[in-house]
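Student: I am new to this structure and would like to learn how to read its features. Could we go through them one at a time?

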Amino acid sequence: MNKKQMITSLVAITTLLSLSACGNGSKVSLQDQIKKDGKLVVAVSPDYAPFEFKTLKDGKDTVVGSDIQLAQAIADELGVKLEISAMSFDNVLSSVQTGKADMAISGISYTKERAKVYDFSKPYYSTENAILIKASTKNRLQTLDNLANKKVAVQKGTIEEGLSKEQLKSSHIISLTSMSEVINELKSGQVDAVDLEGPVAEGYLAQNPDLAIASYKLKTGEGDAKAVAMPKGSKALKATTDKVIAKLKEKDGYKQFIKDAAKLTGKAVE
């Protein structure tokens, strides 16, 4: 083998070794990238008090809520800053899929269909259903049967939308983009009732004395619990998130987050 052939062979071997190194696990995980960037970007829909909503803080619109406190706890565990990305609820999950956000924490429920596209953390909160009506209609709408042929509003893309369609088959289900729009439709008499989360209902009740929580509600199951959504394959990030959730469950930390947030619902900004 002459000198030219030796050089050519060495170049070829070096190239193969380089390509081999690139193909053997050099891909940076999402968690590593988050730490490298120094920030955790979390997608939320801030119209769902006490989970996530806007309030005035030092004269500025600020997104607060129990889900925001959970997001902060995860960011603290990662040792990075928290960046909240606010959007409509029907865009929250897609922002994770497109890489615009690292995770979504916005009152999201695990479903088998969603699990085909996203990784989910362990549940951090079990769904509590409620039906909100106008106080003036309480005597007329005393049971679920009284909602037959009535208009029931829900927020589009929520677990409550599915529950209402399954359990209120004789009612007219109206799906709207934002929770504020849903509540306005109820207050103006365009719909007869609203199906939503229990703590969310209590938050709106505190701000609107003309509304009332019905004595009945829809049935929920274990699969309706709230969880954090991440891109598929986020093994390390899921493990860290599950660790934070486990710590909170030991001391009922998330329930305390809800209590803290409930105190701010009266200052919510639409």
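Tutor: Let us begin with a term we shall need: contact means heavy atoms within 4.5 Å. Please keep in mind that this is a predicted model.

Student: Across which strands does helix H7 lie?

Tutor: Helix H7, residues 179–187, lies across E8, strand E9 (151–155), E10, E11 and E12, and runs at about 40° to E8. Helix H8, residues 198–207, packs on the sheet as well, touching E8, E11 and E12, with its direction at about 120° to that of E11.

Student: What is the order of the strands in the open sheet?

Tutor: The order of the five strands is E10-E9-E11-E8-E12, and their pairing is mixed. Strand E10 (172–176) and strand E12 (211–213) each have a single partner strand, so one side of each has no neighbour in the sheet. On average, neighbouring strands are turned by 30° against each other, direction ignored. E8 and strand E11 (residues 193–197) run antiparallel and are joined by five bridges, and Ile131 has Asp195 in E11 as its bridge partner.

Student: How is a pair of aromatic rings described?

Tutor: One gives the distance of the centres and the angle of the planes. The structure holds six aromatic pairs. In one of them, the rings of Tyr125 and Tyr254 have centres 5.8 Å apart and planes at 45°, so this pair is tilted. The pair links distant parts of the chain, 129 residues apart, with Tyr125 in the loop between strands E7 and E8 and Tyr254 in helix H10.

Student: Are Tyr125 and Tyr254 buried or exposed?

Tutor: Tyr125 is buried, with a relative accessible area of 7%, and Tyr254 counts as buried at 4%.

Terms used. Residues are numbered from 1 along each chain as its sequence is written. This is a predicted model: local features need pLDDT of at least 70, side-chain atom pairs count only at pLDDT 80 or more; totals for chains, interfaces and linings use all residues. Side-chain values use heavy atoms; hydrogens and water are left out. Rings of Phe, Tyr and Trp (its six-membered ring) pair if their centres lie within 6.5 Å; planes under 30 degrees apart count as stacked, over 60 as edge-to-face and the rest as tilted. Helices (H or I, at least four residues) and strands (E, at least two) are DSSP runs, numbered from the N terminus. Buried means under 20% relative accessible area, exposed over 50%, partly exposed in between (1.4 Å probe, protein chains only). Two strands pair if DSSP finds at least two bridges between them. Axes are lines fitted to C-alpha atoms, for helices over the stretch in contact, and angles run from 0 to 180 degrees between N-to-C directions.
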